[in-house]
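Let's walk through this structure together, starting with how strands pair and then turning to charged side chains.

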Amino acid sequence: GVGSRTEVSRLFRQGKVMVDGRVIRSGAEKISIYATITVEGRELQGPSLLAVYNKPVGVHCTMSDPWNRLCLNSLLKDYSFLSTMHPVGRLGNLMSLSVCAA
């Protein structure tokens with residue numbers, strides 16, 4: 001990744017994120033999967049794997065939890081290729097929905 005949410009928000013505000021040569025000031029814009037994204041002049045590479053997982057109720061939408069609550073990493077530990085997975089979005093543990101991760 002490029003940085004934490006706070007760091008990435010700062011990069012947007014500073015105009016250091018470009019999509020197809022155009023400065024983007026918000027992460028809320030929809031962009032094509034074929035777009036060229038640069039951050040501080042460096043071109044980002046797209047994910048080589050996109051996974052969709054149906055998160056069951058009672059599981060926290062995170063890869064680790066300081067309170068040892070059941071999280072995605074607990075359920076996906078047998079899939080070593082997902083060890084660097086980063087969930088997209090946040091779902092409460094009482095929700096059961098699909099989670100995209102790259």
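Val39 has Arg42 as its bridge partner in strand 4 of this predicted model. Strand 3, residues 37–39, is joined to strand 4 by two bridges, and the two run antiparallel. Stepping back, you can see four strands in an open sheet, ordered 2-1-3-4 with antiparallel pairing. Strand 2 (22–23) and strand 4 (42–43) are the edge strands, each pairing on one side only.

Now for the charged side chains. Side chains of opposite charge can pair when their charged atoms come close. Here the count of salt bridges comes to three.

Take Glu40 and Lys16, whose closest N and O atoms are 3.6 Å apart in a salt bridge. This pair links distant parts of the chain: Glu40 is in the loop between strand 3 and strand 4, and Lys16 is in the loop between helix 1 (5–13) and strand 1 (17–19), 24 residues apart. Glu40 counts as partly exposed because its relative accessibility is 48%, and Lys16 is partly exposed at 33%.

Another salt bridge joins Arg22 to Glu29, with the closest N and O atoms 3.7 Å apart. Arg22 has a relative accessible area of 47%, so Arg22 is partly exposed; Glu29, at 36%, is partly exposed.

Finally, visit the loop between strand 5 (51–54) and helix 2 (72–76), where you will find Asp65. Is Asp65 buried or exposed? Asp65 counts as buried because its relative accessibility is 13%, under the 20% cut-off. Its salt-bridge partner is Arg69, the closest N and O atoms being 2.8 Å apart. Arg69 is partly exposed, with a relative accessible area of 37%.

Terms used. Residues numbered from 1 in each chain as written. Predicted model: local features only at pLDDT ≥ 70, side-chain atom pairs only at ≥ 80, totals over all residues. Heavy atoms only, no water. Pairing = 2+ DSSP bridges. Buried < 20%, exposed > 50% of the residue type's maximum accessible area, 1.4 Å probe, protein only. Salt bridge = Lys/Arg side-chain N within 4 Å of Asp/Glu carboxyl O.
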